[in-house]
Amino acid sequence: MELTAKLVNLQKHYDLGTIVVKALRGVSLDIPEGDFLAIMGSSGSGKSTMLNLLGGLDRPTSGEYYLRGQNVATLSDDEISAIRNTLIGFIFQSFNLVAQYSVLENIAVPLLYRPGYPPISSADEDRCNELAKMVGLGDRTDHKPYQLSGGQQQRVAIARALMNDPAIIMADEPTGNLDSKTGEEILGMLKSLNEQGRTIIMVTHEVEVAEQAKSHIYMKDGLIAGHGIFRG
Amino acid sequence: MYHLLRTIRLAIKSLLLHKLRSGLTMLGIVFGVFSVIAMLAIGEGASKQAQEQVLMLGANNIIVRSIKPPEDSGTGGSANVRVLRYGLTRADFNILKGTVPKLSGIVPVREVILNVRNRDHEMNPRVVGCTPEYQEMNHLDIAQGRFFTDQDIRNLSNVIVIASETAEMLFPLESPLNKSVQIKNRAYRVIGVTKERTASAAIGGSLSGQNYNKDLYMPLDTFQSRINTKDTIIKMASGSFSAVSVVYDQITLKIDHPKIVVEPDVIIAIAEMVRETMDTNHAVKRDVDVIVPLELLKQAEQLRNIFNVVLGSIAGISLLVGGIGIMNIMLATVTERTREIGVRRALGARRIDITQQFLIETIVLSGTGGLVGLILGCATPYAFGGIKGIVKYYILDSSGDKSEMANMFLTMTPQVAIWSLPVAFGFSVMIGLVFGVYPARAAARLDPIEALRHE
Ligand SMILES: Nc1ncnc2c1ncn2[C@@H]1O[C@H](COP(=O)(O)OP(=O)(O)OP(=O)(O)O)[C@@H](O)[C@H]1O
Ligand SMILES: [Mg+2]
């Protein structure tokens with residue numbers, strides 16, 4: 001099976017002057033294509049740090065990261081930006097919608113940064129509407145984020161993440177700010193996206209959420225402590 | 001191109017989100033651009049006015065004037081009558097007439113303020129002794145009757161032409177034509193009334209402003225024999241006499257040179273010659289001045305350029321202040337929208353995209369401010385009319401005489417210089433560009449992760 005991501009002894013240190021925080025202390029991991037990986041661990045164990053590295057938002061201090069066989073360290077900032085735009089969809093714990101944009105405009109943001117800036121076609125617009133319908137917000141496309149519930153905002157974020165049809169979706173505690181019922185709905189969406197063949201990497205510290213994933217890693221002090229779900 | 005339009009549209013959208021803030025931020029640029037255009041319009045108006053004045057004086061003319069020397073230098077007559085003798089003489093007139101090349105006209109003038117009356121109506125107009133050419137040269141139009149002719153000069157006719165205000169004051173209820181006016185115990189018949197004529201403003205300190213509406217014109221020879229008898233006018237004031245002996249107050253030379261625009265130097269050269277002649281004839285007293293309207297035109301142009309630079313710089317400073325204000329707000333905006341920047345970066349925005357977004361926002365802001373300022377600037381001439389009204393009503397005494405400065409101000413209309421519009425607008429866009437770069441770069445330099453974490 002082809003690998004979507006391969007981490008080799010990945011380290012991330014934060015130099016705070018007086019001390020150096022070692023958020024990741026040598027992580028090696030293979031993520032196959034089509035995986036639904038749940039990253040678990042206690043607070044401060046380095047989950048978000050790892051996801052940010054995987055998503056190309058950050059660069060490692062040392063170690064290698066191959067994204068679809070390409071060494072990310074050799075890519076320029078612009079090239080990584082293009083990868084984030086076309087290959088990866090992000091979903092955040094706190095939704096992170098653009099406050100002044102409507103639902104539809106938020107879904108369309110990734111269109112603004114497509115490599116080469118192709119004009120937004122009517123097909124693109126149709127796709128925005130389709131995605132809004134798919135996440136159950138077809139009748140609220142004109143609403144602003146502040147007019148939506150947390151669950152609805154997260155659906156907008158999912159639709160936005162899907163805009164450029166990415167192969168990988170990264171979600172950092174996507175259900176963390178939602179009640180369990182709404183969280184389940186969101187999770188269901190991620191599952192069906194995985195069934196469509198997309199690779200999903202999700203950070204969570206809720207066992208019930210992690211159980212929905214295909215594979216699991218447990219992190220502790222910047223290292224992968226084990227594979228599988230650790231209860232208690 | 002398409003991408004740029006899209007960015008501009010999005011910029012407008014996010015600026016409209018905070019209408020009040022955007023409006024207030026623009027204000028500095030609005031006033032900056034407005035003042036640039038207004039200042040240049042006032043400079044332009046002043047220079048237009050000066051040009052018109054010069055044309056009124058006649059660009060082809062050379063004006064030779066007598067100047068009153070300081071009081072104590074008067075040469076004495078008898079013990080109690082001091083005669084002040086100065087200025088242009090008949091000899092000067094003859095020399096000028098004989099030597100100035102290309103001369104097409106020479107108009108001598110003698111003028112004095114005298115008491116004149118019609119029964120119990122009296123006033124103190126400027127009594128001007130002149131030749132018929134004076135009418136044309138000073139652009140006087142006749143309202144009633146006629147101006148005097150060479151015939152009147154030869155006959156030493158006791159006729160006069162009066163200006164509109166003079167006519168009103170001496171003859172409030174009747175037509176002045178063919179009525180008589182008393183000047184120094186002699187009666188003169190009114191043969192014409194001139195139309196109202198706008199006062200001329202002072203030009204560069206060489207010529208004082210002139211109000212033509214309180215004048216009284218008389219054939220030169222009549223004036224010289226009846227009033228300026230033996231070239232001397234004696235006035236009695238508080239028991240003592242004062243006598244002034246002047247032959248001509250002014251001799252205007254008209255040069256025949258149609259190609260004045262192409263070859264202005266010809267006039268300047270002749271004027272130089274006249275100046276030399278006069279300087280040798282009046283070397284001691286220096287009681288004659290030569291004024292060349294064409295030179296005044298050059299001075300006016302210089303004055304305008306100085307105006308433009310000085311006023312433009314002041315206005316430019318206010319533009320600069322506006323730009324700093326915009327930069328300040330944009331820096332605050334970047335901080336406020338740090339998280340949005342992080343999100344955009346996560347969704348694939350490159351650094352240059354973020355730079356562009358904020359730079360375009362700044363430029364749209366300053367450009368819009370520029371446009372508003374432009375519109376306000378174009379309204380300057382109308383606003384100036386209002387200001388003139390206020391000044392006239394509250395500051396200047398309605399009855400009293402106005403200073404030359406005030407006169408110049410009141411007769412001036414600002415002229416919006418067309419070239420200043422694109423220049424001022426271009427400046428406002430430039431300001432946006434210059435002051436937008438720093439905030440935009442600051443936004444683009446943000447680390448995506450840090451930005452996403454920002455509360
Ligand atoms: N920018 C930074 N500067 C300094 N230290 C940092 C920075 N980012 C993360 N860290 C540190 O790295 C470690 C891992 O942080 P990380 O956010 O990855 O934890 P996490 O597993 O996601 O925790 P949580 O479950 O609370 O989100 C923490 O000790 C954190 O303090
Ligand atoms: Mg975290």
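On a 1 Å grid over the protein atoms alone, a cavity is a set of points where a 1.4 Å probe fits but cannot get out. By this rule the count comes to 5 cavities of 30 Å³ or more, where grid points are joined across faces, edges and corners and a volume is the space filled by probe spheres set on the points. This is a predicted model, in which local features need pLDDT of at least 70, side-chain atom pairs count only at pLDDT 80 or more, and totals for chains, interfaces and linings use all residues. Residues are numbered from 1 along each chain as its sequence is written, chains are lettered from A and ligands numbered from 1 in the order in which they are written, and side-chain values use heavy atoms, with hydrogens and water left out.

**The second largest cavity**

- This cavity holds about 150 Å³ of space.
- Its lining (residues with an atom within 4 Å of a point) is made of 17 residues, and A:Leu112, A:Tyr113, B:Thr7, B:Leu10 and B:Gln357 lie nearest the centre.
- Three helices of chain B each give two or more residues to this lining: H1 (2–17), H10 (338–346) and H11 (351–378). Helices here are DSSP runs of H or I with at least four residues, strands are runs of E with at least two, and both are numbered from the N terminus.
- H1(B) provides the largest share, 6 residues.
- Sorted by class, the lining has 5 nonpolar, 6 polar and 6 charged residues. Ala, Val, Leu, Ile, Met, Phe, Trp, Tyr, Cys and Pro count as nonpolar, Asp, Glu, Lys and Arg as charged, and the others, Gly among them, as polar.

- You will find ligand 1 between chains A and B.
- On the chain A side, oxygen atoms of ligand 1 lie 2.7 Å from a side-chain N or O atom of A:Ser48 and 2.6 Å from one of A:Thr49.
- From chain B, the side chain of B:Arg453 has an N or O atom 2.8 Å from a nitrogen atom of ligand 1.

Notes: Near = heavy atom within 4 Å. Polar contact = N/O pair within 3.5 Å; in protein donor to acceptor, adjacent residues only side chain to side chain. 1 Å grid on protein atoms, 1.4 Å probe; cavity = no way out; pocket = protein on both sides within 12 Å on 5 of 7 lines; lining within 4 Å.
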